[in-house]
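Please consult the sequence and the structure shown below while reading.

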Amino acid sequence: MKNENTNINASNLNTKNLLKFIFGSAFGILMFLVPVPQGDSFTTLLDYIKTFLKNLFGASLPYILMILMIVSGVLTLYNFICKPEWIQKNNYLRKGFSASPFYLISKEIGMIVSIMVVLGFGPEWILSADTGASMVDLSCTLVCIVISFSFLLPFLTDCGIMEFFGVILRPVVHPLFRVLGRASVDLIASWFGASNAAAILTREQYMKGENLPARLHTGCVRN
């Protein structure tokens, strides 16, 4: 069995995979983990892309968010009541529109609040900059981050850098935080890069079944 595993690993050592690891991982590290000076603080290149997308969408971004919230809220409610086959048989749709009763209620409330804030009707305690307006603004930012992640995250997760750091840093990460060594990338992204990027990265790995606690980026881990 040992020889068989060695042969399998050796078969993956080719020029294509080596270039993928070197350049793909380097690009992922550059986008997510390398601090870039911004005034008196630091940010990442991912933040510049997020800002570019917000400026690109401009005033239409809240309306895009509202449409996404309506589609998500309506389809989640429809799936919760009717369980249509075209959602249940599609893995992506089932994950996106399946919800517990509590999560369903929160989705519907979020949909209603977003409609009220974007269209500008409702009580002041919902439309206020400290409540609903702040929620919509934050959600618009998250939309831009998710769009950026859709194209950039594979460079960090699928090019081998997480496994590479996992092997090197496992003797440190595992005893301290009781997680796999590949969680070190999440830690680096949180401490030296963008915390929101680390949060989404941690969630993606957690949903894939990796041993990465969902609150790792906050420094809180489960025993």
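## Helix packing in the predicted model

Lys 50 is found in helix H3. The model in which this residue is examined is a predicted one. Is Lys 50 buried or exposed? With a relative accessibility of 14%, Lys 50 counts as buried, because the cut-off for burial is under 20% relative accessible area. Apart from neighbours within four places in sequence, the contacts of Lys 50 are Thr 141, Cys 144, Ile 145 and Ser 148.

These contacts lead to the pairing of two helices. Two packed helices are described by the angle between their axes and the distance between the axes. For helix H3 (residues 45–57) and helix H9 (residues 132–157), the axes come within 9 Å and cross at roughly 120 degrees. H3 and H9 are therefore oblique to each other, and H3 passes H9 in a right-handed crossing. On the H3 side, Leu 46, Ile 49, Lys 50, Leu 53, Lys 54 and Phe 57 take part in the meeting with H9. Their partners in H9 are Asp 137, Thr 141, Cys 144, Ile 145, Ile 147, Ser 148, Phe 149 and Leu 152.

H3 is also part of what covers the buried residues of H4, together with helix H5 (85–88), helix H6 (91–97), helix H7 (101–119) and H9, among others. The buried residues of H4 are Leu 61, Leu 65, Met 66, Ser 72, Gly 73, Thr 76 and Asn 79. Just after H4, Lys 83 adopts a positive phi of about 50 degrees.

| Helix | Residues | Number of residues | C-alpha span, end to end | Expected span |
|---|---|---|---|---|
| H4 | 61–82 | 22 residues | 31 Å | 32 Å |

Which residues of H2 are buried? They are Gly 24, Ser 25, Gly 28, Met 31 and Phe 32. These residues cover an arc of only 125 degrees around the axis, which puts them on the same side of H2. The face turned away from this buried side carries the exposed residues Thr 15 and Phe 23.

The protein as a whole has 12 helices and two strands. From the N terminus on, its elements run α-α-β-β-α-α-α-α-α-α-α-α-α-α. Of the 223 residues in the protein, 34% are buried. Among contacts with a separation of 6 or more, 52% are between residues 24 or more positions apart.

Definitions and conventions. Residues numbered from 1 in each chain as written. Predicted model: local features only at pLDDT ≥ 70, side-chain atom pairs only at ≥ 80, totals over all residues. Heavy atoms only, no water. Buried < 20%, exposed > 50% of the residue type's maximum accessible area, 1.4 Å probe, protein only. Helix = DSSP H or I, 4+ residues; strand = E, 2+ residues; numbered from the N terminus. Arc of directions from axis to C-beta. Axes fitted to C-alpha atoms, helices over the stretch in contact; angles between N-to-C directions. Parallel < 35°, antiparallel > 145°, perpendicular 65-115°, else oblique. Left-handed = near helix turned anticlockwise from the far one by under 90°. Contact = heavy atoms within 4.5 Å. Expected span 1.5 Å × (residues − 1).
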